[in-house]
Amino acid sequence: MNLMYVTYRCALRVLFSSCFGLRVFGRENVPSEGPLLLISNHQSFLDPLLCGVGLKRELDYMARASLFDNKLLGMQIRALNSFPIQRDHADIGAIKEIIKRLQQGKAVTMFPEGTRTNDGQIKAFKSGFELIARRARATTVPVLIEGAFDVWSRHRRFPRMGKIYVTYGKAISPEEARQMPKHEYVANVNQQIREMQRDLRNRYHLDA
């Protein structure tokens, strides 16, 4: 157990609940052990933290390599199980690191839109994560983050108050993933997240 991670997670739960009224749904869909790939939409700077703050198990994250250049910041994000990735080109080393961590039974979060949304809407997913899931025989869980765009979008320098919701969707087992063609697997995850967003917005009368 990473004690620093647990400490940060407890502090962030209090912070996010107090400032953003964080609500989390579908925790029962997240396996408590075994290789796990969480696939999430990408609304804000906060998304990597939001994916894990409501769960009991630890998550590992990718972070832009340049963030590790700052020693203090690098130390903080490493404490949150982050590892560097080069965003300007295909980072084979990072892909191998993800597979390695999954094969060790860890949970890794990925954002296949590639970058934060410009308008809060979910964009098409880039392929690649399906190969990682198959290679590592990992369970895939779609994750919806909603409200974080209004709180701290890429257009805002600082966050503001608002409501944030996180929903974990139906898990896709390694066996189910192997039976799906690549395009069907990617489309399945993307569609689940879009449906969770639509249902959440309808339930809480959120603006589209």
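1. Relative accessible area is classed here as buried when under 20%, exposed when over 50%, and partly exposed in between, with a 1.4 Å probe and protein chains only. The model is predicted, so that local features need pLDDT of at least 70 and side-chain atom pairs count only at pLDDT 80 or more, whereas totals for chains, interfaces and linings use all residues. Residues are numbered from 1 along each chain as its sequence is written, and side-chain values use heavy atoms, with hydrogens and water left out.

2. Taking a disulfide as a pair of cysteine sulfur atoms within 2.5 Å, the structure contains zero disulfides. Cysteine 10 takes part in none, the nearest cysteine sulfur being that of cysteine 19, 16 Å away. Seen from cysteine 19, the closest cysteine sulfur is the one in cysteine 10, and at 16 Å the separation is too far for a bond. Cysteine 10 is partly exposed at 41% relative accessibility, and cysteine 19 is also partly exposed, at 26%.

3. Most residues other than glycine have a negative phi. Asparagine 81, although not a glycine, has a positive phi of about 65 degrees. Asparagine 81 sits in the loop between helix 3 (71–79) and strand 4 (82–85), where helices (H or I, at least four residues) and strands (E, at least two) are DSSP runs numbered from the N terminus. With a relative accessible area of 12%, asparagine 81 is buried.

4. Histidine 205, a residue other than glycine, likewise has a positive phi, near 55 degrees. Histidine 205 is found in the segment after helix 8 (182–204), and its relative accessibility of 70% makes it exposed.
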